[in-house]
Amino acid sequence: MLSLPILGRKRQVIQLQIKNSISTISGLSIQQHKALKQVLSYKIDSQQAYFSGSWKNRRYLLGNTGNFPTGLLYLVEGFCEKEGIRVEVEDLRVRPRGESNKFTATFPFDPYKEQFEAAHACLNEDRGIVSAPTGTGKSLIVAMIVNLLQVRTLIVVPSLELKRQITESLQDIFKSQKVGSFSDNADIAVDNVDALDPKIEAKYDCVIIDEFHHSGAKTYRELNKKSWRGVFYRFGITATPFRSNENERLLLESVLSKVIYRLDYSTAVEQGYIVPIEPYLIQVPTTPTNAYTYAEAYSELIINKSQRNQLLVELVTRLYNAKQSTLVLVDQIKHGEEIQQSLASIGVHVPFANGQDEDSRRMILEFNQQKYPVLIGSSILGEGVDTKPCEWVILAGGTGKSRGKLMQACGRAVRKFPGKESAKIITFYDASHKFFKKHHAAFVKTMREEYGVKPVNLPIDLL
């Protein structure tokens with residue numbers, strides 16, 4: 001047993017008990033517990049704290065009894081090492097033994113080096129996050145992890161569309177192997193997170209969360225504490241590992257752990273896996289406004305501002321006539337309908353995939369078949385929706401402040417496609433209100449930090 005001496009004759013005994021979901025550290029002094037509690041904490045803004053009914057703007061993931069999410073074990077170990085605290089470890093986790101030839105994968109093509117490295121990082125680390133840009137074959141990495149571990153695996157996704165796509169992909173790769181859903185008790189189960197009940201034990205040896213940046217959500221954390229207590233292997237696959245508030249990374253990591261493999265954007269571009277991003281701005285004339293709330297500013301300066309709408313319609317018309325594959329992304333269905341009607345009034349007929357229309361999937365399919373050059377889309381054109389031909393993305397609903405949402409929008413255009421040389425992201429910049437000034441600054445920052453590029457004014461002769 002390892003221990004740390006303290007004042008007097010008593011010797012401090014620190015015990016660390018490790019379980020799959022929740023671990024416990026005991027024996028810390030009051031000062032040590034307080035210091036570790038700060039390490040396992042994150043800050044929220046004052047407005048969020050107010051609406052949550054609390055005056056405190058910091059959240060702590062270390063309980064009074066020393067319990068903490070096992071995904072943060074690396075931080076606890078790092079704290080003990082830094083402070084010179086020697087611990088007695090009791091690891092109660094049981095590593096499952098994979099069954100030989102339980103699954104046999106037939107991949108459609110040879111995985112590239114980075115996919116191989118990512119899958120083997122999961123095999124070596126037991127839990128953690130794999131970060132790779134949209135369009136670099138994350139679904140194939142999921143299949144490779146399953147094939148390497150050879151254990152019963154639950155794949156969790158944030159949407160029904162992703163569930164459908166990944167299920168079909170895995171059925172093709174594993175052929176006759178049982179690929180189904182959680183309710184089917186399939187050996188390889190794919191399910192939407194909203195279909196999972198935290199009260200029902202997941203009798204699986206591995207959980208893989210696709211689009212892992214959603215894992216800070218309460219549902220995932222409830223599943224982690226209850227349903228997944230017996231799950232040893234835990235991995236997350238995402239293009240955006242952290243939310244726009246990076247202090248909340250602890251919530252993401254608490255479900256699984258830290259990033260164990262990263263394929264960065266520049267490498268993916270250099271290797272030819274995706275096309276580079278080119279961000280452009282269209283300056284909108286500033287106008288006086290008395291808008292106080294964000295909803296008021298959004299309505300006045302985005303949906304109902306005539307100068308902005310005229311610039312948008314002119315741009316979409318030019319792209320339409322030039323047969324340039326383009327997505328026009330909106331945040332509100334009403335906004336998309338108004339854009340659609342404005343275009344129709346001048347003879348430009350563009351479909352609108354919004355999730356409320358049963359034909360939305362058909363519209364996306366026909367857009368990919370290049371039956372029409374422009375498609376307006378709401379949030380249905382988010383994660384998991386394949387739009388390979390798309391070369392232009394117009395952020396008609398604004399850039400917002402969410403880095404993850406912005407990166408997902410960029411991801412709609414980065415996939416390789418014959419004749420495509422770049423993904424052109426276009427936003428409108430209106431300095432009429434402080435909200436949009438902040439969003440523009442966040443947009444510029446994301447372009448610089450994630451893609452190494454600076455937005456420039458859209459050249460007149462670019463089309």
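**Close-up 1. Helix α14 passes helix α15 in a right-handed crossing.** In this predicted model, the two helices are formed by residues 403-411 for α14 and residues 434-451 for α15, and their axes come within 11 Å and cross at roughly 65 degrees. Because angles of 65 to 115 degrees count as roughly perpendicular, α14 is described as roughly perpendicular to α15.

**Close-up 2. The residues through which α14 and α15 meet.** On the α14 side, the contact is made by Arg 403, Leu 406, Met 407 and Cys 410, while α15 contributes Phe 443, Lys 445, Thr 446, Met 447, Glu 449, Glu 450 and Tyr 451. Sorted by class, the contact of α14 with α15 comprises six nonpolar residues, one polar residue and four charged residues.

**Close-up 3. Ala 441 in helix α15.** Is Ala 441 buried, partly exposed or exposed? Ala 441 has a relative accessible area of 44%, and therefore counts as partly exposed. Although Ala 441 and Thr 399 are 42 residues apart in sequence, their C-alpha atoms are 9.9 Å apart in space.

**Close-up 4. Two stretches in which pLDDT stays under 50, residues 1-9 and residues 49-53.** For residues 1-9, the model has 17 contacts beyond four places in sequence, and for residues 49-53 it has six contacts of this kind. Over the protein chain, the average pLDDT is 87, and 89% of the residues score at least 70.

Note on methods: Residues are numbered from 1 along each chain as its sequence is written. This is a predicted model: local features need pLDDT of at least 70, side-chain atom pairs count only at pLDDT 80 or more; totals for chains, interfaces and linings use all residues. Side-chain values use heavy atoms; hydrogens and water are left out. Axes are lines fitted to C-alpha atoms, for helices over the stretch in contact, and angles run from 0 to 180 degrees between N-to-C directions. Helices (H or I, at least four residues) and strands (E, at least two) are DSSP runs, numbered from the N terminus. Angles under 35 degrees count as roughly parallel, over 145 as roughly antiparallel, 65 to 115 as roughly perpendicular and the rest as oblique. A crossing is left-handed if the near helix is turned anticlockwise from the far one by less than a right angle, and right-handed if clockwise. Contact means heavy atoms within 4.5 Å. Ala, Val, Leu, Ile, Met, Phe, Trp, Tyr, Cys and Pro count as nonpolar, Asp, Glu, Lys and Arg as charged, and the others, Gly among them, as polar. pLDDT is the predictor's confidence in each residue, from 0 to 100. Buried means under 20% relative accessible area, exposed over 50%, partly exposed in between (1.4 Å probe, protein chains only).
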